[in-house]
Structure formats: structure tokens, C-alpha cells
Amino acid sequence: MDSGAVFEVWAPLAHDVRVVVDGTTHDMRRADGRSGWWTCDVVKVAGQRYGFSLNDGSSWHGPFPDPRSRRQPDGIHGLSEVVDSAFEWTDDHWTNYELQGQVIYELHVGTFTPSGTFEGIIEKLDYLVELGVTTIELMPVQPFGGTRNWGYDGVEWFAVQESYGGPEGLKKLVDAAHHKGVGVFLDVVFNHFGPDGNYNGLFGPYTTAGTTGWGDVVNLSGAASDEVRAYVLDAVRQWLDEFHIDGLRLDAVHSYDDRAAYSIMEEINLVADAIEVKNGPNPIIIAESDLNDPRIIADYSRGGYGLDAQWLDDVHHALHSVVSGETMAYYEDFGTIEILADTLRHGYRFRHDWSNYRGRTHGRALNLAEIAPWKLITYTTTHDQVGNRAAGDRPSMNLTPAQHALKAAVIFFSPFTPMIFMGEESYAQTPFPFFVSHDDENLNKLTREGRAHEFARYGWNMSTVPDPADPATFESAKIDWNFDDAAVDMYETYKVLLTLRRQLGLARDDLRELHVDHGTTPEPRDGYPGSWLTMGYDEVILAANFSNEPVTAPVGGELLYSYTNPEVGATETKLDPWGFAIIRR
């Protein structure tokens with residue numbers, strides 16, 4: 001709670017510090033026993049606007065927003081506001097939350113609904129519940145330049161984007177979601193600060209030498225890093241405790257410069273453990289990582305960091321490349337039915353194997369006897385896999401309905417935890433391109449050039465790349481809620497698949513129990529072999545056709561569901577092109 005405390009700030013780089021409160025300047029003094037901290041006797045009162053002026057030894061600069069600002073009502077360059085954290089929560093019934101069995105729905109607040117607000121999401125909760133969603137995952141909501149941004153350019157890690165509804169709006173969403181039986185995850189970025197409005201470097205060494213590709217490396221291991229780590233951990237504590245957030249997705253942990261004996265990921269998880277003891281629900285900590293490193297989700301007792309789950313791009317890449325035929329960039333390590341089957345069996349595609357894309361050996365095998373498959377989050381697409389394409393085109397814009405439904409069937413039938421990216425359930429024909437609205441026009445120019453350079457490396461047609469700073473690019477990303485017949489049909493398909501997932505108890509504990517087989521037709525037609533894959537258990541199995549030709553898979557039984565019209569016999573199933581069948585054996 002801000003209100004009632006005194007103003008203080010960590011500013012070890014400053015020679016002197018003043019706090020400006022509602023237009024009145026007050027001197028600050030060094031805090032006893034707290035290296036780099038400055039304090040004063042002025043008491044915070046909710047609603048006050050304030051900022052800190054810094055003296056660099058020769059002159060004064062500022063006032064600047066508080067690095068620990070809880071609210072930025074006038075944007076990232078404006079003064080901070082003292083907030084009262086009190087909120088009338090009504091979710092006392094929400095006492096237990098586990099990842100196993102969840103269905104996650106990733107969404108971007110600004111484009112999910114016409115209003116682009118937390119309130120707009122509340123109005124769509126019934127839609128999501130009917131679909132079968134149990135948890136929503138919000139792309140980052142920390143303040144950024146302007147009103148249009150993916151969210152990964154956040155600069156005040158304790159605040160909430162004002163145009164979305166601010167901190168009060170986020171709490172209302174979480175409270176409303178819990179009343180609908182829906183959990184809320186929050187995507188948080190601790191690997192870099194956004195380029196617009198990042199004043200933290202004037203206060204202290206929040207970053208260090210090097211770049212992540214998106215910004216300077218956060219100082220997690222260098223001199224004065226204890227306070228930077230505390231900055232991260234206090235933000236984690238705020239979201240999980242005060243805001244009742246059910247879980248955090250840690251963005252790109254592979255870009256952390258963390259050489260400490262205790263990983264910051266382990267420390268984040270320990271904060272979550274403490275919140276569980278205090279409040280009851282079990283906060284979920286998820287890593288986005290391309291390291292294929294089992295330590296991230298391995299138990300403390302096994303030398304791991306103890307995180308609950310990680311995003312698993314390997315399954316996405318294997319599935320996408322087989323269905324789409326794309327093999328450029330990181331897809332060059334995928335593209336065959338054999339690799340898809342192998343990845344489904346083992347979780348990781350790379351288990352100390354050679355990667356052509358990386359030009360080196362990569363990864364380490366999961367211990368499948370100890371790590372449950374639901375700790376791996378899989379998907380047909382994500383914000384990254386759509387937005388990091390030149391035109392931001394979704395798979396649903398390039399695939400037939402049958403191909404789209406097939407991908408969903410594979411993800412939902414697997415024992416991994418499934419995640420849906422907003423709009424895929426309605427076969428959305430709107431893109432999700434990258435967009436920004438930096439207050440500094442030079443930053444918009446640099447972003448535009450940087451995206452163009454990145455796409456040129458992968459051979460994309462540059463004429464298809466929309467201007468990230470053009471408001472029309474942002475508007476194009478908004479979900480079209482005027483569903484046509486194709487949208488309604490796909491929504492119903494997703495509902496059935498998710499219902500079957502729940503009824504068949506597919507969120508299972510042991511990946512070694514999953515039987516995966518594959519094969520090709522002996523006589524290719526039109527020069528291409530027909531490829532089939534089966535995945536399942538003794539009592540139920542998914543048969544899938546990954547080709548343009550009908551194929552016969554060597555499994556049979558009772559047909560439970562299909563998007564197309566398979567012929568299911570006692571011992572074999574004839575599948576339509578890109579068709580699948582869920583079969584009880």
C-alpha cells in the first residue's frame with residue numbers, strides 16, 4: 001500500500017535527490033543502513049502526483065517517474081500517482097488452483113475487444129467459459145509509450161497501462177474472472193526495459209553491458225544487482241498477492257544474464273511458494289524458454305528451479321511445418337512427420353542434438369519419469385508465431401478449415417497443457433501484426449527499420465510488412481466479432497474437442513504412456529506420399545492424416561468425433577485429406 005508510507009527511492013547514481021509532490025519540492029536524505037536509498041519525512045497520500053529530481057553532480061534533472069510507480073495516469077513520461085491498494089475483493093471462494101487440466105487462452109487486451117479494455121474482457125468471459133477456457137493469459141499490461149503496443153516495451157514494472165483500465169480495472173477483471181471459474185495469468189517482462197520512457201538508468205544500474213536484441217540486459221548478476229533482483233521479486237509479489245493473479249509467464253528467460261548461484265527464476269518461484277502458504281491458491285510460474293533445459297521445470301531436489309511449466313515451441317514448430325510446408329528460419333529443423341512424432345513422444349525436439357538453425361548441438365532430454373507432460377504448454381500458434389511473420393498473418397488465414405481443425409485436435413488430444421491464441425477458435429481472418437505507438441517518432445522509425453531488417457534476413461517480401469506505428473496496423477489486429485458461418489463452425493469444433501479432452505481425462509501424468517506411431521502410404525499420389533500419425537492410449541486414440549491424399553491408418557474402433565468424414569472400421573481407419581478421427585478402442 002503506497003498511501004501512508006513516506007517517499008523513498010533507490011538512486012545510487014545520484015549525488016542528490018528531491019521529491020516533487022503536487023508541485024512542492026522536498027529535499028531527501030540518504031537512508032541509514034540502506035545503500036543507495038533516499039528517504040524523507042513526507043507522508044504519501046492517495047491521489048498525490050509526484051516525481052523525483054536527480055542531481056548528477058553538476059545540475060538537476062527531472063522530475064522523473066518513480067521506478068516503482070504504481071500508477072502513471074498521464075503516461076510513461078508523466079508524474080507518478082500515489083495509490084491506495086485497498087480493493088473490495090469478492091473471490092474468497094477461490095482457494096485452490098492447479099495447472100493440470102487447465103485450458104489457457106492468450107489474449108492482447110487492446111485488440112481482443114472493440115473497447116480494448118479490461119472491462120471489455122469481462123464482457124467476453126461467458127464466451128470463453130462456453131468454449132471451455134479455464135484460464136486467460138494477458139499479454140503484458142505494464143505501461144508503454146502511447147496506447148498501442150504488444151506490451152513488451154513496458155517500463156514501469158509495478159504499474160498498469162492506463163488506457164486498459166489501470167490497476168483498478170485489472171483487479172476488477174481478476175475478481176470477475178474468478179467468479180466465472182476462470183484463472184488469470186499475466187505475462188511479465190523481466191529481461192529488458194522498453195526504449196520509450198525508461199528513466200530507471202538515471203537512478204541506478206538497472207541494466208548492464210550487452211543487449212537482448214530488444215533492449216539492454218537487465219542487471220541480475222553485476223554490482224548492485226541485489227536491489228535489481230529485489231525490484232523484480234517485489235513486482236512478482238505484488239501481482240500474485242495484491243492483484244490475486246494466478247500465475248506469471250516469464251518472457252524469454254533464455255535472455256536473462258543471470259550468473260548467480262540462485263537463479264532469479266528459482267527466487268521468483270520461492271516468492272510464489274510463500275504466497276501459496278499465505279493465501280491458499282497455488283500461483284503458477286511459467287517460463288518462455290528456447291533452451292530445452294529441464295532444470296527450468298525440474299524440482300528443487302533435482303537441482304532444478306522448480307517452475308511449474310514452460311512454453312514448448314518444439315511441438316508448435318513440428319506441427320506447423322508439417323501442415324504448412326514452411327521450412328525457413330527456425331522451421332528448418334522440423335518439417336517431417338517423423339520429427340513431429342518424435343517431439344510428441346519426448347516433449348523436446350532437441351535432446352543434445354544437432355540444430356541446423358543454430359549451427360550447434362542443442363538441448364537436453366527431459367526425465368519423463370519425473371516431469372509430467374502437463375508442465376509443457378503447447379499451442380497451434382501464439383502472439384509471437386503470428387506477429388513475428390512479415391504480414392502478421394494467422395495460420396487460419398493460410399490453412400483450410402480441415403487443416404486448422406487438425407492442428408487443434410493434435411494439441412487438445414495430447415497430454416500437454418493446451419493454449420489457444422485469441423481468435424484461432426473462430427478461424428479468424430484478421431492478422432495480428434506487430435504494432436507500437438512510441439511517443440518519440442525516432443523510436444518509431446528505428447522500430448520500422450529494425451523489423452524490415454529482421455524480415456529481410458528470412459527472405460520475406462518487404463512490401464507485405466505493415467508499418468508498426470501506423471494506427472491502421474493496430475486496428476487491423478482487432479478481433480472481428482461478427483462471426484460468419486466458418487467462424488461459428490470452428491468455434492463449435494473447438495468446443496467439442498475441449499469437451500472430449502475433459503471427458504477423456506487427457507491431461508495425464510506420464511508422457512511415457514502416450515503411444516505415437518506414424519507411417520506413409522506405399523504408393524504416393526501426385527508425387528507426394530500420404531502421411532498418417534496416431535497418438536493415444538489403450539482405450540482412446542487420435543488418428544490424423546497429414547497430407548492432401550486419403551490415407552488408411554492401422555487403428556479402428558468406435559468413432560467419437562471427426563471434423564471430416566472418416567471411415568472407421570474394426571482395425572483400420574480411412575481418413576480424408578487433412579482429416580482426423582478420435583476413436584474409442
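The model is predicted: local features need pLDDT of at least 70, side-chain atom pairs count only at pLDDT 80 or more, and totals for chains, interfaces and linings use all residues. Residues are numbered from 1 along each chain as its sequence is written, and side-chain values use heavy atoms, with hydrogens and water left out.

**Entry 1: salt bridges**

I took a salt bridge as a side-chain nitrogen of Lys or Arg within 4 Å of a carboxyl oxygen of Asp or Glu. By this rule I count 31 salt bridges. Helices (H or I, at least four residues) and strands (E, at least two) are DSSP runs, numbered from the N terminus.

For accessibility I used relative accessible area: buried is under 20%, exposed is over 50%, and partly exposed is in between (1.4 Å probe, protein chains only). Glutamate 8 has 29% relative accessibility, so I list glutamate 8 as partly exposed. Arginine 34, at 33%, is also partly exposed.

Next I looked up aspartate 234 and arginine 68, whose side chains meet in a salt bridge of 3.0 Å, N to O. This pair links distant parts of the chain: aspartate 234 is in helix α6 and arginine 68 in the loop between β7 (60-64) and β8 (80-81), 166 residues apart. Aspartate 234 is partly exposed at 27%, and arginine 68 is partly exposed at 23%.

Glutamate 441 is partly exposed at 49%, and arginine 448 is partly exposed at 29%.

I also noted a network of salt bridges that links Arg49, Arg71, Asp74, Glu81 and Glu162.

**Entry 2: aromatic rings**

Rings of Phe, Tyr and Trp (its six-membered ring) pair if their centres lie within 6.5 Å; planes under 30 degrees apart are stacked, over 60 edge-to-face and the rest tilted. I count 36 aromatic pairs by this rule. One of them is phenylalanine 118 with tyrosine 164, edge-to-face at 6.0 Å centre to centre and 75 degrees between the planes. Phenylalanine 118 belongs to helix α2 (residues 118-122) and tyrosine 164 to the loop between β10 (135-138) and α4 (166-179), so I note a link between distant parts of the chain, 46 residues apart. I find both phenylalanine 118 and tyrosine 164 buried.

Tyrosine 206 and tyrosine 231 have ring centres 5.0 Å apart and planes at 70 degrees, so I put this pair down as edge-to-face. Tyrosine 206 lies in the loop between α5 (200-203) and β12 (207-211) and tyrosine 231 in helix α6 (residues 225-242), so the pair ties together parts 25 residues apart in sequence. Tyrosine 206 and tyrosine 231 are buried. I also find Tyr206 and Tyr231 in one aromatic cluster with Trp10, Trp157, Phe158, Phe190 and Phe193.

**Entry 3: charges over rings**

A charge sits over a ring if NZ of Lys or CZ of Arg is within 6 Å of the ring centre and within 35 degrees of the ring normal. I noted the charged end of arginine 349 over the ring of phenylalanine 334, 5.8 Å from its centre. The charged end of arginine 358 sits over the ring of phenylalanine 350, 5.4 Å from its centre.

**Entry 4: helix α11**

Helix α11 (residues 401-413) has 13 residues and spans 18 Å from its first C-alpha to its last. That is close to the expected 18 Å, taken as 1.5 Å times one less than the number of residues. I find 12 of the 13 residues of α11 buried, including Gln403, His404 and Lys407.

**Entry 5: cavities and a pocket**

On a 1 Å grid over the protein atoms alone, a cavity is a set of points where a 1.4 Å probe fits but cannot get out; a pocket is an open set with protein on both sides within 12 Å along at least five of seven lines, and lining residues have an atom within 4 Å of a point. Grid points are joined across faces, edges and corners, and a volume is the space filled by probe spheres set on the points.

I find four cavities of 30 Å³ or more. The largest cavity holds about 70 Å³, and its lining includes Trp157, Phe190 and Trp239.

The second largest pocket has a volume of about 490 Å³. Of its 21 lining residues, Asp2, Arg68, Arg70, Phe158 and Asp234 lie nearest its centre. β1 and α6 are the elements that give two or more residues to this lining; α6 gives the most, with five.
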